[in-house]
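Hello,

Here is the structure I promised to pass on. Please open it alongside this email; my notes follow below.

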Amino acid sequence: MGGVFETMGLASAAERPARVRQLAELGFTWADLEQETYWLDELVVLQRSVYNELKQAAALLWQVFDKAARFVIGRHDLYQALSIPQVLWDGLDRLEPNPPGLLSRYARFDFSVSSEGAIKLLELNADTPTGYVEASIATPWLCAQYGVDCPNEAMPELVRAAWDAEAPDYAACIAYGEHLEDTGTIDALVAHSGRAARCIDCLDLSIDEGVVKDGEQREIRRMFALYPKEWMGVDDGGEALAYALEEGFLQLFNPLHAVILQSKGLQAIIWGLHELESELFTPAEHVAIAAYMLPTYTQPVLDGAYVSKSMFGREGGSVQLFDADGQLETVDRDGFDTSVFFKRIYQRRADLPELHLSAGKLHLLTGMFVINGQPCGLLGRAGGKITGNTSHFVAIGVKSS
């Protein structure tokens, strides 16, 4: 293939059903989803030197994002600039933030890593990242078959440490037991945590004067939830949930302050502070911002090719790609455009590398999980120029030397 990526493997079509069953037994039950091939049965292998740089970049940027989020706490003008729903402001002001580096204990950076090894951060999902099962279970399984180093082995151990610290008694998602991916994600997290947490459907929760109860009327005090916090500003019952958090009836994991990290507008604040040569960041952090982040603004002021996306967009929804002349080139039409609720950012464009895979020529997005403050696991997603909810999962391993 050339460049910093290689591909290997590819089982025959006849072998796929048995291999899909094997993965299902391990907990990855959506390798094939509604007659669609989600998992590509092959392995992308990244050069060791590029992986080492990527991990170091993630560690530095994690410090940068943490500092920037703490700079925002208590500043309502910045909450508004980040499009954080007002219903969350009191909680953000009143609740004690987690220690440095731990505003979120379960997050994932998404990078463009070019075929030449250039690393550029696209965004951070610091609230409700999925892909955990793919990274922590399927990727080591596939790497072992081809004798390729897997950098994801520490993920379960770090999950256990994070869950020991946050100590949730419940884990929740929307449509638990029906939505395969979210159900499988919280099942795997609970299993790896070693805790006897009860898994429930968010829609079975009730809230009365701040007290949160499950469907059997048991009170919930600590809960992990794959529920985007920004939707408390939109959903029925969101205000009641926000009240439960700010009054201390419920402790949520990830903590509430993760919503600041989640807003893509934080990248615009970081870039602005960098342009002002702010002493908030160390010289090494300024170097990392210049090297690995993209110029990002809250207004369309960029010359040349750029990307526009909602501050709280997910799965490619709301993403628009503009060409070098500033003309709209590509729009994601599969995901929900959350810019009807939240403001947009405008970011210099960094295209994803194109790889020849079994499903054709696809663009690779490289994810790096950060669990309990530690960069620890790679996730590959392969699809169009915009990584949306129709993209494939492809495992990424690392060359031994």
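Which residues of helix α11 are buried? Keep in mind that this is a predicted model. In α11, which spans residues 283-292, the buried residues are E285, H286, A288, I289 and Y292. Seen down the axis of α11, these residues fall within an arc of 160°, so they line one face of the helix. The background is simple. An α-helix has 3.6 residues a turn, so residues three or four places apart point the same way. The face of α11 turned away from the buried side carries P283 and V287, which are exposed. Several elements cover the buried residues of α11, including α2 (48-72), β6 (119-125) and α10 (265-275).

Next, the cores. The largest nonpolar core has 80 residues. Within this core, I84, F109, F111, I260 and L266 have the most contacts. Helix α2 supplies the largest share, 13 residues. Another core lies apart from it and has 42 residues, among them W39, A138, W163 and L226. In soluble globular proteins, nonpolar side chains tend to be buried together.

Leaving aside residues up to four places away in sequence, F109 touches A58, L61, W62, F65, L121, E123, L124, T366, G367, M368 and V370.

Nonpolar side chains also turn up on the surface. F336, V340 and F341 form a nonpolar patch there, with about 320 Å² of accessible area together. F336 sits in the loop between β17 (328-331) and β18 (344-348). Its relative accessibility is 48%, so F336 counts as partly exposed.

Now the charges. How many salt bridges does the structure hold? The count is 20. These are some to look at:

- E246 and R94 meet through their side chains, at 3.9 Å from N to O. This pair links distant parts of the chain: E246 is in helix α8 (residues 238-246) and R94 is in helix α4 (residues 89-94), 152 residues apart. E246 counts as buried because its relative accessibility is 13%, and the cut-off is under 20%.
- D169 and R195 form a salt bridge at 3.7 Å, N to O. The partners are 26 residues apart, with D169 in the loop between α6 (155-166) and β7 (170-173), and R195 in the loop between α7 (180-193) and β8 (198-201). D169 is partly exposed at 38% relative accessibility. R195 is partly exposed too, at 26%.
- D337 and R344 form a salt bridge, with the closest N and O atoms 3.6 Å apart. D337 is partly exposed, with a relative accessible area of 29%. R344 counts as buried at 15%.
- E329, R349, D351 and K385 are linked in a network of salt bridges.

Last, the backbone. A cis peptide bond joins F253 and N254, with omega about 0°. N254 lies in the loop between β13 (251-253) and α9 (258-262).

Two residues other than glycine have a positive phi, as follows. For E34, phi is near 55°. E34 is in the loop between β2 (32-33) and β3 (36-37). For S83, phi is about 65°. S83 is in the loop between α3 (76-81) and α4.

Is each of these buried or exposed? E34 is exposed, with a relative accessible area of 69%. S83 is buried, at 11%.

Best wishes

Definitions and conventions: Residues numbered from 1 in each chain as written. Predicted model: local features only at pLDDT ≥ 70, side-chain atom pairs only at ≥ 80, totals over all residues. Heavy atoms only, no water. Salt bridge = Lys/Arg side-chain N within 4 Å of Asp/Glu carboxyl O. Helix = DSSP H or I, 4+ residues; strand = E, 2+ residues; numbered from the N terminus. Buried < 20%, exposed > 50% of the residue type's maximum accessible area, 1.4 Å probe, protein only. Arc of directions from axis to C-beta. Contact = heavy atoms within 4.5 Å. Core = buried A, V, L, I, M, F, W, Y, C linked by side-chain atoms within 4.5 Å. Patch = residues over 30% accessible without salt bridge, like charges linked within 9 Å, V, L, I, M, F, W, Y side chains within 5 Å. Areas by Shrake-Rupley, 256 points an atom, 1.4 Å probe, with all protein chains shown as cover.
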